[in-house]
2 protein chains.
Amino acid sequence: MKEKIIDASITLFEQKGFSDTSIQDIVDALGVTKGTFYYYFKSKEELLMDIHLRYIEELLEKQQEMMNDSTKTTKEKLLGIVYMLIHNIEKRGRQARIFFREMRHLNAEHLRQIKQKRDQFRYGVQALIERGIENGEFRQDLLPSIATLTILGAANWSYQWFKPDGLYTDAEVAKQMVTIFLEGIEK
Amino acid sequence: MKEKIIDASITLFEQKGFSDTSIQDIVDALGVTKGTFYYYFKSKEELLMDIHLRYIEELLEKQQEMMNDSTKTTKEKLLGIVYMLIHNIEKRGRQARIFFREMRHLNAEHLRQIKQKRDQFRYGVQALIERGIENGEFRQDLLPSIATLTILGAANWSYQWFKPDGLYTDAEVAKQMVTIFLEGIEK
């Protein structure tokens, strides 16, 4: 039932937004009572935190695996991370939209926790770029923090436009993005 | 008074979100009556549309000027557009955050109009990239639509992180981004 509550809430939060979705809306969608809801979650905010935590923790776990893969070069790891983000939007677009749109409805303590995990993900990418600068794969004049935010921004923004049934697959989009980041658009 | 209502609403929408801000909150912040509000706006949604329209129309106008400037190369125009977006977030960060976060609270007709104007801006950038491919400045294997969304995504995402009092100025951030887009991060 917990999974069903989360799933119904994701649908409603995406359609109506977090603020305009009531616990009544959620239980009505499932044909259960409010008591059932409160058995699993203390509040609507706690449910939102649950959605946020699952989203970011899965990404962090996969990022960690990728970073520790000693068979991959820095460039391959960068491609792997961008592909993971686009693929995630293909597979979990509803959760992604809630993650990006509704974060400010978390309470202060939860917001702090989620921001910390988002920072951790960002620093993972930045560490990769710094390693590439050090080992001579990447340009020496890069600003690692801005380069990281440029790459993550482009990949994250795809939650606004990437369509699983669109002209290009997630792999094609990731490949094109990483080609631009690595080689630039200039001839 | 109209400007004061818009300004107070932008502050409240940014802090509390559109859904959680009432017309009462807006008039309380200004010490006026609801009658004053309704003299200028039919509804809270109409006010939101006003904020959206001002934001996107100013960007479109400046983009048009830049595109028609025959003294600039394609690359310079691209830098100009990225700089304009970051500079706008420096100068009008509150409006930018509302523009990106609250669009789905527009009614269907208004949403259609704003999406059309956002598309127009995007096609402007895409036309620039297509011109660069044609005239040999840019790579022949680019996917113009994905390249456009990559560049606009990275620039737009800066509304989430760019701080006017941060380590780098808007001009430095724009220059670094455009260097990455044009030349890539590879050595």
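Across the interface of chain B and chain A, six salt bridges are found. The model in which they occur is a predicted one. In this model, 48 residues of chain B touch 48 residues of chain A, and about 4,400 Å² of area is buried between the two chains.

**The interface of chain B and chain A**

- Carbon and sulfur atoms give 61% of the area buried between chain B and chain A.
- The size of an interface is often stated as the accessible area that is lost when the parts come together.
- One salt bridge joins the side chains of Glu186(B) and Lys75(A), with a distance of 2.3 Å from N to O.

**Salt bridges in the whole structure**

- Side chains of opposite charge can pair when their charged atoms come close.
- Over all chains, the search finds 36 salt bridges.
- Among them is a pair within chain A, in which the side chains of Glu3(A) and Arg54(A) meet at 3.1 Å, N to O.
- Glu3(A) belongs to helix 1 (residues 2-16) of chain A and Arg54(A) to helix 4 of chain A, so this pair ties together parts that lie 51 residues apart in sequence.

**Annotated regions of chain A**

- An unreviewed UniProt entry places the feature "domain: HTH tetR-type" at residues 1-59 of chain A.
- Over residues 1-59, chain A is 78% helix and 0% strand, and the end C-alpha atoms are 24 Å apart.
- The UniProt annotation "DNA-binding region", also from an unreviewed entry, covers residues 22-41 of chain A.
- Over residues 22-41, chain A is 75% helix and 0% strand, with 14 Å between the end C-alpha atoms.

**The largest pocket**

- The volume of the largest pocket is about 1,000 Å³.
- Its lining has 34 residues, and those nearest the centre are Lys115(A), Arg118(A), Gln160(B), Trp161(B) and Lys163(B).
- The elements that give two or more residues to this lining are helix 4 (44-67), helix 6 (93-101), helix 7 (108-134) and helix 8 (144-157) of chain A, together with helix 1 (2-16) and helix 6 (93-101) of chain B.
- Helix 7 of chain A gives the most to the lining of the largest pocket, with six residues.
- By class, the lining of the largest pocket holds 19 nonpolar, five polar and 10 charged residues.

**The second largest pocket**

- The second largest pocket has a volume of about 870 Å³.
- It is lined by 29 residues, of which Trp157(A), Gln160(A), Met103(B), Lys115(B) and Arg118(B) are the closest to its centre.
- At least two lining residues each come from helix 6 of chain A and from helix 4 (44-67), helix 5 (74-91), helix 6, helix 7 (108-134) and helix 8 (144-157) of chain B.
- Helix 7 of chain B gives the most to the lining of the second largest pocket, with six residues.
- The lining of the second largest pocket comprises 17 nonpolar, two polar and 10 charged residues.

**The enclosed cavity**

- The count comes to one cavity of 30 Å³ or more.
- The largest cavity holds about 70 Å³ of space.
- Of the 14 residues that line the largest cavity, Ser19(A), Arg104(A), His105(A), Ser19(B) and His105(B) lie nearest its centre.
- The lining of the largest cavity divides into two nonpolar, six polar and six charged residues.

Key. Residues are numbered from 1 along each chain as its sequence is written. Chains are lettered from A and ligands numbered from 1 in the order in which they are written. This is a predicted model: local features need pLDDT of at least 70, side-chain atom pairs count only at pLDDT 80 or more; totals for chains, interfaces and linings use all residues. Side-chain values use heavy atoms; hydrogens and water are left out. UniProt positions are given in the numbering used here, feature names are shortened, and annotations may be inferred rather than shown by experiment. Helices (H or I, at least four residues) and strands (E, at least two) are DSSP runs, numbered from the N terminus. On a 1 Å grid over the protein atoms alone, a cavity is a set of points where a 1.4 Å probe fits but cannot get out, and a pocket is an open set with protein on both sides within 12 Å along at least five of seven lines; lining residues have an atom within 4 Å of a point. Grid points are joined across faces, edges and corners, and a volume is the space filled by probe spheres set on the points. Ala, Val, Leu, Ile, Met, Phe, Trp, Tyr, Cys and Pro count as nonpolar, Asp, Glu, Lys and Arg as charged, and the others, Gly among them, as polar. Contact means heavy atoms within 4.5 Å. Buried area is the accessible area (1.4 Å probe) that two parts lose on being put together, summed over both. A salt bridge is a side-chain nitrogen of Lys or Arg within 4 Å of a carboxyl oxygen of Asp or Glu.
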